[in-house]
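Let's go through this structure together, one "how do you know?" at a time. Have the model open while you read.

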Amino acid sequence: MRNSIVLSAGLARLSTSQTTRRSFVTTAARGLAKSTSSPASAPPLNPRWLSELQSRIKRCAGLDLSGQQKEELAALREAVDGQWLELLAGREGFLTGPGWRGLDRHTVTWGDQDAMVRYDSHPEYTMNLNLTSVGHVNNVVYNKYAESARVNWLRNFATTVDPEHKDQWDQLMSPKDIGLIMRSIKTDYKFPMAYPDHVTVLHKLVSKPTYESDFILLEALLISEGHRRPAARCFEDIVVYDYKTAKRAPLKPFMVDRLRETYEAQEQSKIDCEEKVKSLVDIVERLEKAA
């Protein structure tokens, strides 16, 4: 079995954003980030922090800023535009690096929608009706997005996280040995996503597995790229089943090891992204006060 320290480092690399992207904090911003109090003691951010931050950046563009401040504002806007998804999801513990996105900018098609018609009556002639076609992604399709993403999320363990046990990870999606069976899925709909759009679906462990665990609790986050916000959340209860003995069974020890490391990486993601978001907010506040 590979050294757990090496694997943990691999998980850390997977959970970070691509290094080719421009850093979203300047030297001054890093100083601000260091002076920011820890997430545990600081007041929580507004749940709509992203839309609020984008609005404040737009307002700052109309202020009387110096040349250096304008450059800093441009870098800030570029950072938010380039890494909004990583920060939005990472603050909640979702890993967003290469391999962790079960669906990455998946195209929402016209056929994913419900076919609905709205009747608009004329104010003077109630018999004169205007028919307007409206629609949004069918509720069942959200669950299909989540289930497809979950399979890809699990396959990431076989292909990237733990390739030494590739066959056994792959068998989780087949009725050959130890496999996974959906016990329940609950979906919370946030807003009606519609065509055209792209959706990214991420999964995270809700609880840290133990060596006696015969189930896995997952949360899926379905994010609309067009609206830059979650369109839905799915909560999945997955049972571990031994097809050879025809009964429930615990996860294999090496699987528990990898899942526990993943859970720890999720917790670290919350801390890291919280600090980064607060540093961005600090930059905006400083620019607003300086103008």
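**Starting with a strand**

Arg-101 lies in strand 1, which covers residues 101–108. Keep in mind that this is a predicted model.

Q: How far apart are the C-alpha atoms of Arg-101 and Asn-152?
A: They are separated by 7.8 Å, while the two residues sit 51 residues apart along the chain.

**Helices side by side**

Q: Which two quantities describe a pair of packed helices?
A: The angle between their axes and the distance between the axes.

Q: Why are helix 3 and helix 4 called roughly antiparallel?
A: Helix 3 (residues 49–60) and helix 4 (residues 67–90) pack at about 170°, with axes 11 Å apart. Angles over 145 degrees count as roughly antiparallel, so helix 3 and helix 4 get that label.

Q: Which residues of helix 3 and helix 4 meet?
A: Helix 3 brings Trp-49, Leu-50, Leu-53, Gln-54, Ile-57 and Cys-60, and helix 4 brings Leu-73, Leu-76, Arg-77, Val-80, Trp-84, Leu-87 and Leu-88. Sorted by class, that contact of helix 3 with helix 4 holds 11 nonpolar residues, one polar and one charged.

Q: What makes helix 4 roughly antiparallel to helix 7?
A: The axes of helix 4 and helix 7 (residues 253–290) cross at roughly 150° and come within 11 Å. The cut-off is over 145 degrees, so helix 4 is roughly antiparallel to helix 7. Among the residues making this contact are Leu-73, Leu-76 and Val-80 of helix 4, along with Val-277, Leu-280 and Val-284 of helix 7. The class count for helix 4 with helix 7 is 11 nonpolar, three polar and five charged.

Q: Which residues of helix 3 make the contact with helix 7?
A: Trp-49, Leu-53, Arg-56, Ile-57 and Cys-60, against partners in helix 7 that include Val-277, Leu-280 and Glu-285. By class, the contact of helix 3 with helix 7 has nine nonpolar residues, no polar ones and three charged ones.

**The largest pocket**

Q: What volume does the largest pocket have, and which residues are closest to its centre?
A: The volume is about 340 Å³. Of its 14 lining residues, Pro-47, Arg-48, Arg-228, Arg-229 and Pro-230 are the closest to the centre.

Q: Which element gives the most to the lining of the largest pocket?
A: Helix 3, with four residues. The lining has five nonpolar, three polar and six charged residues.

**Two backbone details**

Q: What stands out about phi of Arg-228?
A: Phi is near 50°, a positive value in a residue other than glycine. Arg-228 is in the loop between strand 6 (215–224) and strand 7.

Q: What kind of peptide bond joins Tyr-195 and Pro-196?
A: A cis one, with omega about -5°. Pro-196 is found in the loop between strand 4 (178–189) and strand 5 (197–205).

How values were computed. Residues numbered from 1 in each chain as written. Predicted model: local features only at pLDDT ≥ 70, side-chain atom pairs only at ≥ 80, totals over all residues. Heavy atoms only, no water. Axes fitted to C-alpha atoms, helices over the stretch in contact; angles between N-to-C directions. Parallel < 35°, antiparallel > 145°, perpendicular 65-115°, else oblique. Contact = heavy atoms within 4.5 Å. Nonpolar A, V, L, I, M, F, W, Y, C, P; charged D, E, K, R; others polar. 1 Å grid on protein atoms, 1.4 Å probe; cavity = no way out; pocket = protein on both sides within 12 Å on 5 of 7 lines; lining within 4 Å. Points joined across faces, edges and corners; volume = space filled by probe spheres on them.
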